[in-house]
Amino acid sequence: MQEDKNGTSDPRPDAAEQEVQPAAVTVSRATAAPGPSSSGGGGGWFGAFRGLGGGDDGGEEEEGMLRMSFLEHLEELRSRIIRCMIGVGVAFFLSLYFAREMWKAVSDPAISALRELGLQQKLVFITPTEAFMTIWMKVPLLAAIFLSSPWILYQVWSFIAPGLYRRERRWASPFVLCSAGLFILGGAFAYFLAFPFALTFLLGVGRDINVQPMVTVTEYFDLFVDVILGIGMVFELPVLIFFLVLLRIASPTFLLRHSRYAILAIAILAAVVTPTPDVFNMMLFCVPMWMLFFVGIFAGYLLVLHREHRSFPWRKVLPWVGLALIVLAAAGWYFAGRYGYHIVGHWPFLRR
């Protein structure tokens, strides 16, 4: 404040005060403004995918996403791969102790098929190292992949988790359990149902035109691995659909609207891979894959309901689900009897 010659005060601020006050405001605003992140966008690569989904969750959800640069992503990927290899290695050395018993389990479908066809119940090898490499190396490695699958899937989830919102990372345990369970269930389905029927058909080709099968250990095990791992991966279809919905790449409504194309594609695939032309064997492939597809859509729908804070009417739906299961079981029993199949008390539990 300034005083004039008469002793009265002038209400106007002096020049020094006029210069100091705007500067102080400018500094405070600059301090409060958030600075740019040096690591790129939120969530890295997966954060970019989330942006394609519409970004309707806002800044509150983005607080849970980790910010990682490109090099940090590569380092994280390297670390997860090394951990997966360590897990497989530990399971491999544990499986070596049971290599003989596991080979007997692997060769049982071939021995049963040869017995059913009235052929010599032996597998052969034509090189000195063939039996050793298959029984003591390949079989334990296959067992190690199955045993370490929960650990491997956990590492996959840990790599993806930085690109997800905080509340969505709580799906880690269900993801690991469901993925590993479906993979093992697919392997069991292939071992007990799909592979024995296919093998019996393939070994019986040419039997009535003077063709004698002589199956080598390597060729048999390669076919065994292709079928077991292939069907095990097919059983991961619900997890794949759930991830598409989780990352907002697809929606349950879109998948259900175009489900007729998926049904047709599954039927064509089953017709190609089914070794015999009868409907029963084709349904053995079609029905599980159709069910897995719709289970994945249903899981994605539950996720959407969870995001919208809505609940699913379980009491109204469960009776219809039970009725559908009863109809499927009755249809399976009817077709099994029509095509000459019956249940037996030993493996593979279904004979023709």
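## Where H6 meets H9

Let's start with a meeting of two helices. From H6, the residues Glu130, Thr134, Lys138, Val139, Leu142 and Phe146 touch Val217, Thr218, Phe221, Asp222, Phe224, Val225, Ile228 and Leu229 of H9. Please keep in mind that this is a predicted model.

Two packed helices are described by the angle between their axes and the distance between the axes. Helix H6 covers residues 130-147 and helix H9 covers residues 217-234; their axes lie 10 Å apart, at an angle of about 10°. Angles under 35 degrees count as roughly parallel, so H6 and H9 are roughly parallel to each other.

## H4 and its partner H7

Another pair is formed by H4 and helix H7 (residues 149-160), whose axes cross at roughly 170° and come within 9 Å. H4 is therefore roughly antiparallel to H7. On the H4 side, the contact involves His73, Glu76, Leu77, Arg80, Arg83, Cys84, Gly87 and Val88, while H7 brings in Trp151, Ile152, Gln155, Ser158 and Phe159.

Phe70 belongs to helix H4, which runs over residues 70-96. Together with Leu71, Leu74, Leu77, Ile81 and Met85, Phe70 makes a nonpolar surface patch of about 610 Å². Leu77 is part of this patch and also takes part in the contact with H7.

## How confident is the model?

Across the protein, the mean pLDDT is 74, with 71% of the residues at 70 or more. Over residues 15-62, pLDDT stays under 50, and the model has 50 contacts beyond four places in sequence for this stretch. Where pLDDT is low, the predicted coordinates should not be read in detail.

How values were computed
Residues are numbered from 1 along each chain as its sequence is written. This is a predicted model: local features need pLDDT of at least 70, side-chain atom pairs count only at pLDDT 80 or more; totals for chains, interfaces and linings use all residues. Side-chain values use heavy atoms; hydrogens and water are left out. Patches are made of residues with over 30% relative accessible area and no salt bridge: like charges are joined within 9 Å, nonpolar side chains (Val, Leu, Ile, Met, Phe, Trp, Tyr) within 5 Å. Accessible areas come from the Shrake-Rupley method with a 1.4 Å probe; for residues, only the protein chains shown count as cover. A salt bridge is a side-chain nitrogen of Lys or Arg within 4 Å of a carboxyl oxygen of Asp or Glu. Helices (H or I, at least four residues) and strands (E, at least two) are DSSP runs, numbered from the N terminus. pLDDT is the predictor's confidence in each residue, from 0 to 100. Contact means heavy atoms within 4.5 Å. Axes are lines fitted to C-alpha atoms, for helices over the stretch in contact, and angles run from 0 to 180 degrees between N-to-C directions. Angles under 35 degrees count as roughly parallel, over 145 as roughly antiparallel, 65 to 115 as roughly perpendicular and the rest as oblique.
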